[in-house]
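Please open the model in your viewer and keep the selection tool at hand. The tour below goes from one stop to the next, saying what to select and what is there.

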Amino acid sequence: MQHAIERAITKVEGSTLNLNEFFLLHFLSLADHHRLMQNELEDKLHLSASAISRMIAKLEAKNCGVITKAASPTDKRAAYIQLTPYGESLLERICQEVEKALAKY
């Protein structure tokens, strides 16, 4: 099923996401105000802090506009990662393709 999801992600026009990046956007979409602290993403994705940092940096470097990063107003060492309106739209289109792909199973 993982391969089916990965293929579905690549079918969507404008998507350059991999599977973990898709899950990152998915968890952001479920969160209040579509944002989570970076350490909350570590827990949800079961990835290390450095892996999450690399993933966020990669998304920012792609300049695909799906997330924004902002310092926490209470803890300057922490950062909020927020899903952008474009990220919401892209995620919605990807989810439609993923649902079609998983319907076969």
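At what angle do α1 and α5 pack, and how far apart are their axes? The angle is about 140° and the axes are 8 Å apart, where axes are lines fitted to C-alpha atoms, for helices over the stretch in contact, and angles run from 0 to 180 degrees between N-to-C directions. Before you select anything, note that this is a predicted model, in which local features need pLDDT of at least 70 and side-chain atom pairs count only at pLDDT 80 or more, while totals for chains, interfaces and linings use all residues. Residues are numbered from 1 along each chain as its sequence is written, and side-chain values use heavy atoms, with hydrogens and water left out.

**First stop: α1 and α5**

Select α1 (2-11) and α5 (85-103); helices here are DSSP runs of H or I with at least four residues, and strands are runs of E with at least two, numbered from the N terminus. The two helices are therefore oblique to each other, since angles under 35 degrees count as roughly parallel, over 145 as roughly antiparallel, 65 to 115 as roughly perpendicular and the rest as oblique. Now show the side chains of A4, I5, A8, I9 and K11 on α1 and of I94, E97, V98, A101 and L102 on α5, which make the contact, meaning heavy atoms within 4.5 Å.

**Second stop: α3 and α4**

Move to α3 (residues 38-45) and α4 (residues 49-62), whose axes come within 9 Å and cross at roughly 110°, which makes α3 roughly perpendicular to α4. To see their contact, select Q38, L41, E42 and L45 of α3 together with A49, I52, S53, M55 and I56 of α4.

**Last stop: the core**

Finally, select F22, L24, L25, L28, L41, I67 and I94, the residues with the most contacts inside the largest nonpolar core, which has 29 residues. Such a core is a set of buried Ala, Val, Leu, Ile, Met, Phe, Trp, Tyr and Cys residues joined through side-chain atoms within 4.5 Å, and buried means under 20% relative accessible area (1.4 Å probe, protein chains only). Centre the view on L28 to end: leaving aside neighbours within four places in sequence, L28 is in contact with H34, R35, L36, L41, I67, I81, Q82 and L83.

Note on methods
Buried < 20%, exposed > 50% of the residue type's maximum accessible area, 1.4 Å probe, protein only.
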